Amino acid sequence: EELARDVPVPLQLSAFVGYLDLHDNMLTYSNAGCITPLVFHRESQSVEYLHADTRTVDEVLPGENEWEEERFSLRQGDCLLLHTDGLYCAFAATNGNDDPAAMSAFIARQMSESESAGFLDYLEKTVGQRGLPIDDDLTVLYADILTQSRKNRLKEKLGFAHDEIIYLQFLNYLEEMDPVTSTILTAMDVTGYPDERIRKMKIVLTELLVNAIIHGNKRDPSKKVVVGHTIDRDTIVISILDEGAGFDPAIIPDPTLPENLEKPCGRGLFIVRHYVNSLVFNETGNRVTISTSGTL
């Protein structure tokens, strides 16, 4: 309301508010404006639009009108895309038209040929390298919908049992480490772990996540790191899985030996081993699981 009142030039404002119930993958949403979020169905290789209210935000201000509420059921493999209208401009500049049906077919074709991150990479390269003359900024956010079966497969890859309650997180960049780490450290604080334990865990997570992104995934933004954790008063278990080729931890030199004192590698894992009860790599070397008790 304040934005619509204070902006001194005539603008068409759009808004989207949604709530995703992960128990039944039901999206409840309200929106207004000219920008229409969309859903890509991987199973049918089709695009479906979450149609917006035709009114603009300033016409549906709080206290004047109620926004209509819609419900949409998301299925396994679906991808929800939220975007600015620069997407329409980029498509029109690339393909010579802005027909919605043609744009839907274009998005479905691109998404079917790659994962969602690949689609975003395609847009970045198309707009950035070609220097397309678009009138608006292009921003696209996506959310892949995980079903319980896929969550169970991820649990298995992380080394957890299907019936364990695991908090899953995903990251691709070093810049995303802070919120992932904060989630775990906050859970430790709420559970009652002392500040010293939390401080040590921050060092442990920083070292392992940096290793996964830089050494495991080689800084490739199309590859993700999956983090799963479970925390109670007695035990903390955290598993970190990257999409790299793995390595043999046995070849990491002991940094305490005289001949290795000036070598940069090995110090981080040495510290980690002293801050947790257990550090175990899988056979491939692209997953590390740490565990520590409440009495360490």
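Residues are numbered from 1 along each chain as its sequence is written. In this predicted model, local features need pLDDT of at least 70 and side-chain atom pairs count only at pLDDT 80 or more, while totals for chains, interfaces and linings use all residues, and side-chain values use heavy atoms, with hydrogens and water left out.

The structure holds two aromatic pairs (rings of Phe, Tyr and Trp, the last by its six-membered ring, with centres within 6.5 Å; stacked if the planes are under 30 degrees apart, edge-to-face if over 60, tilted for the rest). Phe16 and Tyr29 are stacked, at 5.6 Å centre to centre and 20 degrees between the planes. Tyr29 counts as buried because its relative accessibility is 6%, whereas Phe16, at 26%, counts as partly exposed (buried is under 20% relative accessible area, exposed over 50%, partly exposed in between, with a 1.4 Å probe and protein chains only). Phe247 and Phe281, by contrast, pair edge-to-face, with 5.2 Å between centres and 85 degrees between planes.

Turning to the cores, the largest nonpolar core has 28 residues (buried Ala, Val, Leu, Ile, Met, Phe, Trp, Tyr and Cys joined through side-chain atoms within 4.5 Å). Met201, Val227, Ile238, Ile240 and Ile290 touch the most other members. Helix H7 (195-216) is among the elements that each supply at least two residues, and H7 gives the most, with eight. Another core, of 16 residues, lies apart from it and includes Phe40 and Met103.

Notes: Helices (H or I, at least four residues) and strands (E, at least two) are DSSP runs, numbered from the N terminus.
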